[in-house]
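Here are some friendly notes to read beside the model. Keep the structure open and look up each residue as it comes.

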Amino acid sequence: MSFFFRARILALNASYFLKSGGYFVISIKANCIDSTVPAEAVFASEVKKLQAEQFKPMEQVTLEPFERDHACVVGAYRVPKKQKPAS
């Protein structure tokens with residue numbers, strides 16, 4: 001299943017089941033998305049796609065040496081903006 005559909009499923013599920021500020025975890029296998037570019041470039045591209053869907057990635061961890069070209073991204077969905085203190 002391509003990442004687009006996984007990201008879409010994550011976005012749909014988040015809109016139904018996560019409150020604003022709720023957390024998500026997604027695993028990315030770079031060589032299944034695009035085996036012609038370095039894994040780091042695929043990870044960066046996929047994180048950018050998540051940000052476009054109102055996800056705020058907070059941490060990204062590669063699964064080396066256990067799994068090659070895999071990463072796990074953890075973050076929050078629809079993070080509320082911080083209020084500036086009133087003067």
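The points below go from the sheet to one histidine and then to the aromatic rings.

1. A word on the ground rules. This is a predicted model, in which local features need pLDDT of at least 70 and side-chain atom pairs count only at pLDDT 80 or more, while totals for chains, interfaces and linings use all residues. Numbering starts from 1 along each chain as its sequence is written, and side-chain values use heavy atoms, with hydrogens and water left out.

2. Start with the sheet. Three strands form an open sheet in the order β1-β3-β2, with antiparallel pairing. At its edges stand β1 (23-29) and β2 (55-62), each with a single partner strand, so one side of each has no neighbour in the sheet. On average, neighbouring strands here are turned by 25 degrees against each other, direction ignored. Strands (E, at least two residues) and helices (H or I, at least four) are DSSP runs, numbered from the N terminus.

3. Now look at how the strands are joined. Seven bridges link β1 to β3, and seven bridges link β2 to β3; two strands count as paired if DSSP finds at least two bridges between them. Val61 has Cys72 in β3 as its bridge partner, and Lys56 faces Ala76 of β3.

4. How much of β3 is buried? Six of its eight residues are, so β3 is largely enclosed by the rest of the structure. Buried means under 20% relative accessible area, exposed means over 50%, and partly exposed lies in between (1.4 Å probe, protein chains only). Helix α3 (residues 39-52) lies across β1, β2 and β3, and runs at about 160 degrees to β2. Such angles run from 0 to 180 degrees between N-to-C directions, with axes as lines fitted to C-alpha atoms, for helices over the stretch in contact.

5. Which residues does His70 contact, leaving aside its neighbours within four places in sequence? They are Ile28, Lys29, Phe43, Val61, Thr62 and Leu63, where contact means heavy atoms within 4.5 Å. The His70 side chain also reaches the backbone oxygen of Arg68 at 2.8 Å.

6. Ile28, one of those contacts of His70, lies in strand β1. With a relative accessible area of 0%, Ile28 is buried.

7. Finally, the rings. A search of the whole structure finds three aromatic pairs. The ring centres of Tyr16 and Phe17 are 6.4 Å apart and their planes are at 55 degrees, so this pair is tilted. Phe24 and Phe55 make an edge-to-face pair, 4.9 Å centre to centre with 70 degrees between the planes. Because Phe24 lies in strand β1 and Phe55 in strand β2, their pair ties together parts that are 31 residues apart in sequence. Rings of Phe, Tyr and Trp (its six-membered ring) pair if their centres lie within 6.5 Å; planes under 30 degrees apart count as stacked, over 60 as edge-to-face and the rest as tilted.

8. Are the residues of these two pairs buried or exposed? Tyr16 is exposed at 65% relative accessible area, and Phe17 is exposed at 67%. Both Phe24 and Phe55, in contrast, are buried. Ring pairs also link Phe24, Phe55 and Tyr77 into a cluster.

Key:
A polar contact is a pair of N or O atoms within 3.5 Å; within protein, one must be able to donate a hydrogen and the other to accept it, and residues adjacent in sequence count only if both atoms are side-chain atoms.
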